[in-house]
Amino acid sequence: MEEDTGVTPHTEGLNGLSRECKPLEEITNGHSNHKPVMNGVIIGHNVKDHTNGGAPLRSLPISTLKQNGLLQTLAAGGDKPNPAEEDSELEKAREEWEALENVQPALPEDSNPTPLISFNEALQYFQTTDLGDLLKNIQPTIRRTGLAAITHFLFGPPRLHRELLEERDLVFAIAQCTLDNSQTVHMRVLQTIYKRLIGSRLDCPRYGTHWENIGFQGTDPATDLRGTGFLGLMHTLYFVMDPETLPLARDIYKLSQHPTQNFPFSVMSINMTRIALQVLREEALSKECNRRQQVVGVLNEFYVATYLHLYQLWKTQQKTISDSGFVLKEVELFAKKNPKQMLRRLEVFLKERRSGGVPRGASPDPQAQQPSPSLVVKPEPREKRVHAGCWMLSEEWSEVLLPTVARQIQSLLSISCALYEGVLLLLLSCPSEHFMTVPRL
């Protein structure tokens with residue numbers, strides 16, 4: 001160690017105050033520490049100057065040590081004093097700095113994250129919960145009276161089978177249920193939706209602006225569930241937890257984050273639930289429910305099919321948020337008139353995705369390889385195409401033309417009944433002397 005280099009203290013008057021310059025000393029790492037003193041008080045950190053095994057830098061924070069380069073030198077192992085002579089305080093500071101480099105911020109949710117919940121588990125919770133009070137307020141079908149009831153009975157869709165009525169009522173009861181912070185299942189559903197869309201494994205706070213990232217309108221998702229209740233979250237849960245529909249859900253979520261075509265993903269999802277509920281209430285899904293002997297599964301797929309139809313319409317026609325009102329009306333009208341066609345479109349879309357193709361409206365994979373010539377599908381003979389065309393025509397007749405003819409007959413019956421009632425009222429209102437009497441022979 002070299003001896004301290006003494007510098008004569010210099011005192012200079014400054015506005016009536018004295019300024020004292022302490023001697024310049026060297027510390028163990030070779031950096032100088034200049035400490036100006038004003039009126040007997042050291043400006044900056046209270047540091048004792050020692051060069052021979054004293055307690056250097058006793059009150060310096062770790063950040064200052066890092067800036068001075070002392071701890072970097074110690075960590076690198078260069079110019080380090082003999083371990084026998086190393087000060088205990090300095091060793092403690094070095095260990096503290098090494099610990100700071102490896103520390104990770106720990107959130108309360110990180111220590112024990114909420115497990116994901118499947119759709120079937122959430123549905124089982126509602127199946128085993130007493131929903132008697134909610135069942136009193138549901139309206140599973142549209143109340144029709146008079147001529148509308150007669151025409152619906154004659155030309156409308158078939159009624160739902162009696163054994164499916166309880167399942168249908170459960171769906172409408174869930175739509176009446178509100179989000180409850182005290183229910184663990186409710187919170188797990190909310191956390192699962194957020195994690196699956198964002199791709200995070202950490203829990204998020206119950207309230208906050210992070211909910212706007214997945215398309216809610218504010219800091220509390222419960223405020224957006226007034227129209228569909230908890231069923232809106234159940235449908236989104238099904239969307240993100242089903243392995244076949246999850247890629248589509250993420251494609252739609254990606255489009256919702258587009259710079260110009262963005263839209264609120266969760267709010268739009270709730271609107272798809274509202275449309276699906278209305279179609280179920282109008283009994284347009286009864287035929288498919290009777291065929292599959294289930295209501296929840298058909299409604300889930302119809303919700304996804306409706307969202308797929310909106311996604312393809314929004315993406316191909318370059319829609320923006322200003323067009324949302326018109327698009328929703330168009331989607332709702334199409335869904336009510338063509339429920340079976342929408343379910344078939346979803347089936348074809350998922351089948352093409354499973355087979356490795358790029359469904360219409362989906363984002364193409366730039367790394368997808370071109371099929372080999374041996375795998376290219378050859379066009380079918382003309383005879384098969386004719387038969388296929390006849391089959392498609394019969395399907396179109398059964399799905400589109402027959403309902404159209406039924407509506408036309410219904411309109412004619414309504415007009416005929418109205419004319420009959422008008423003539424009858426006219427006859428009853430005329431005096432009896434206006435009518436000619438036929439003379440008896």
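**The largest cavity and its helices**

In this predicted model, four helices each supply at least two residues of the lining of the largest cavity: α5 (119-127), α8 (165-174), α10 (231-241) and α14 (296-316). The volume of this cavity is about 60 Å³, and the count of cavities of 30 Å³ or more comes to five.

The lining can be followed residue by residue. Phe 119 and Leu 123 take part in it, as do Val 171 and Ile 174. Leu 231, Met 234 and His 235 also line the cavity, together with Val 296, Leu 299 and Asn 300. By class, eight of the lining residues are nonpolar and two are polar, while no charged residue is present.

One of the contributing helices, α5, also packs against a further helix, α9 (residues 184-198), and the axes of α5 and α9 come within 11 Å and cross at roughly 155°. An angle over 145 degrees counts as roughly antiparallel, and α5 and α9 are therefore roughly antiparallel to each other. The crossing in which α5 passes α9 is left-handed.

On the α5 side, this contact is made by Glu 121, Ala 122, Tyr 125 and Phe 126. On the α9 side, Val 185, His 186, Arg 188 and Val 189 take part. Sorted by class, the contact of α5 with α9 comprises five nonpolar residues, one polar residue and two charged residues.

Technical notes
Residues are numbered from 1 along each chain as its sequence is written. This is a predicted model: local features need pLDDT of at least 70, side-chain atom pairs count only at pLDDT 80 or more; totals for chains, interfaces and linings use all residues. Side-chain values use heavy atoms; hydrogens and water are left out. On a 1 Å grid over the protein atoms alone, a cavity is a set of points where a 1.4 Å probe fits but cannot get out, and a pocket is an open set with protein on both sides within 12 Å along at least five of seven lines; lining residues have an atom within 4 Å of a point. Grid points are joined across faces, edges and corners, and a volume is the space filled by probe spheres set on the points. Ala, Val, Leu, Ile, Met, Phe, Trp, Tyr, Cys and Pro count as nonpolar, Asp, Glu, Lys and Arg as charged, and the others, Gly among them, as polar. Axes are lines fitted to C-alpha atoms, for helices over the stretch in contact, and angles run from 0 to 180 degrees between N-to-C directions. Angles under 35 degrees count as roughly parallel, over 145 as roughly antiparallel, 65 to 115 as roughly perpendicular and the rest as oblique. A crossing is left-handed if the near helix is turned anticlockwise from the far one by less than a right angle, and right-handed if clockwise. Contact means heavy atoms within 4.5 Å.
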